[in-house]
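Open the model in your viewer and keep the selection tool at hand. Each stop below names what to select and then says what is there.

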Amino acid sequence: MSWYAFDAVDDALSSTRRFLFPFRLGRWLRLMVVVFFLGGGGGGFQGTTNVPQSMPTDPGTGPTPTPGPTLPELPDLMLLLAVLGVILLLILVLGTISATMRFVLVDMLRTDEVRIRRWFGTRFGKGFRLFVFQTVLGLLLVLPILVVVALFFFAEGALPAVGVLGIVAFVLVLIPYFFVGGLISSFTSQLVVPVMVASDVGVLAGWRRLWPTLRGHPWQFTVYVVVRWVLALGIGIATGIIGLILGGIVAAVGVGIGFVLVGAFGGFQALLASHLGIVALVALALLTILFLLAVFLPIAVVVQSFLTSYELSVLGRAEPRFALLPETGDGGGDEGNDGTDGDPSDGPHGGDGDVGR
């Protein structure tokens, strides 16, 4: 018996070479846009505390009373809510874009058509549902932990009663808890997304279609998890070293130019005091960021293309109905099909009204 996780490596390498080469600048620039948003991002803000001032008192009236806790004033509260709303909106927009780009890359790999607007418009709805699913999953994982921790710290005598052994046991329980949650999240991005594309269904329906394949090939996907992790680790170390060297060179050149600017303006304070100096610093910072992106994004294009091709190849070998890469359609899947091959609703255009569409 062959192992799909090992056989798929060669498929992924071949697919990545055909997809990326021969080099075409426009094609790579569009792919760099995709992987830039695939990297995701987060936002945060620092709140300010409104400290009430004590009222002046007569020296003979006694000590100044300590002010009690007060609610924020209405303008401050409205500003806080506005900032929070903007942050949540940014998270929603960027998260949806990032999730949609996952589908965009899969469509590009399966069709060899690197068109962002076409695939983004086609998959935006699925991307939004994927983002909602991942967000709800994250909340379901984190909220119970926060509740337990809050009980420990706010319930009088709870923490001493639990003791060190209780805390250690709690931490040990968290390890498989987060492992299972991380596995569900990873499988959703890596395997359910291609099923959603192949079957034209939503997240929950995609999981229902994927589950018989996972259940029919348990050891194949166990090996896949291990090999995928090893590949990601090895690639991460190699690209990290390369990126550190190249990024260090770019950063060193930027710092060198910065010292030249400081010398030309007669000191750092003089540089900041000059409008031209500030413009030069901003331009230097932007150019440095652009050069760093020019270093890291091409590496990310190769890595994301290979890993996504690998995931598609493993899935296609396990179940030919979900094969999106041409070379994975005949690699396996002769066992564990659960008799669902004849269901027309599972075909590429057979999406039904399942929950999660």
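Begin with the largest nonpolar core, which has 60 residues. A nonpolar core here is a set of buried Ala, Val, Leu, Ile, Met, Phe, Trp, Tyr and Cys residues joined through side-chain atoms within 4.5 Å. Buried means under 20% relative accessible area, exposed means over 50%, and partly exposed lies in between (1.4 Å probe, protein chains only). Select Met108 and Tyr310: these are the residues with the most contacts inside the core. At least two core residues come from each of α1 (4-20), α2 (25-38), α3 (74-111), α4, α5 (158-199), α6 (203-216), α7 (218-265) and α9 (275-318). The most is given by α9, with 10 residues.

The model is predicted: local features need pLDDT of at least 70 and side-chain atom pairs count only at pLDDT 80 or more, while totals for chains, interfaces and linings use all residues. Residues are numbered from 1 along each chain as its sequence is written, and side-chain values use heavy atoms, with hydrogens and water left out.

**The whole chain**

Colour by secondary structure. The protein has 9 helices and 0 strands, in the order α-α-α-α-α-α-α-α-α along the sequence. Helices (H or I, at least four residues) and strands (E, at least two) are DSSP runs, numbered from the N terminus. Of the 357 residues, 33% are buried. The protein exposes about 20800 Å², and carbon and sulfur atoms supply 73% of that area; the areas come from the Shrake-Rupley method with a 1.4 Å probe, and for residues only the protein chains shown count as cover.

Go back to Tyr310 and show its surroundings. Leaving aside neighbours within four places in sequence, Tyr310 is in contact (heavy atoms within 4.5 Å) with Ala5, Ala8, Val9, Ala12, Tyr224, Val227, Arg228 and Leu231. Ring pairs also link Tyr310 with Phe187, Phe221 and Tyr224 into a cluster.

Next select Thr308, in helix α9. Is Thr308 buried or exposed? At 1% relative accessibility, Thr308 counts as buried. With neighbours within four places again set aside, the contacts of Thr308 are Arg102, Leu105, Val106 and Leu109.

**Aromatic pairs**

A pair of aromatic rings is described by the distance of the centres and the angle of the planes. Rings of Phe, Tyr and Trp (its six-membered ring) pair if their centres lie within 6.5 Å; planes under 30 degrees apart count as stacked, over 60 as edge-to-face and the rest as tilted. By this rule there are 8 aromatic pairs. One of them joins Phe120 and Phe124, a tilted pair at 5.8 Å centre to centre with 50° between the planes. Both residues are in helix α4 (residues 116-154), and because they are 4 residues apart there, about one helical turn separates Phe120 and Phe124. Phe120 is partly exposed at 21% relative accessible area, and Phe124 is partly exposed at 40%.

Now select Tyr177 and Phe178, an edge-to-face pair at 5.3 Å centre to centre with 80° between the planes. Tyr177 is partly exposed at 29%, as is Phe178 at 36%.

**Charges over rings**

A charge sits over a ring if NZ of Lys or CZ of Arg is within 6 Å of the ring centre and within 35 degrees of the ring normal. Select Arg27 and Phe19: the charged end of Arg27 is over the ring of Phe19, 5.0 Å from its centre. At Trp119, Arg118 lies over the face, 4.5 Å from the ring centre.

**Backbone details**

Most residues other than glycine have a negative phi, and most peptide bonds are trans. Select Phe21 and Pro22, which are joined by a cis peptide bond with omega about 5°. Pro22 is in the loop between α1 and α2. Move to Asp112, in the loop between α3 and α4, where phi is positive, near 65°. Asp112 is partly exposed at 40% relative accessibility. Then find Asp200, in the loop between α5 and α6. Phi of Asp200 is also positive, near 55°, and Asp200 is partly exposed at 27% relative accessibility.
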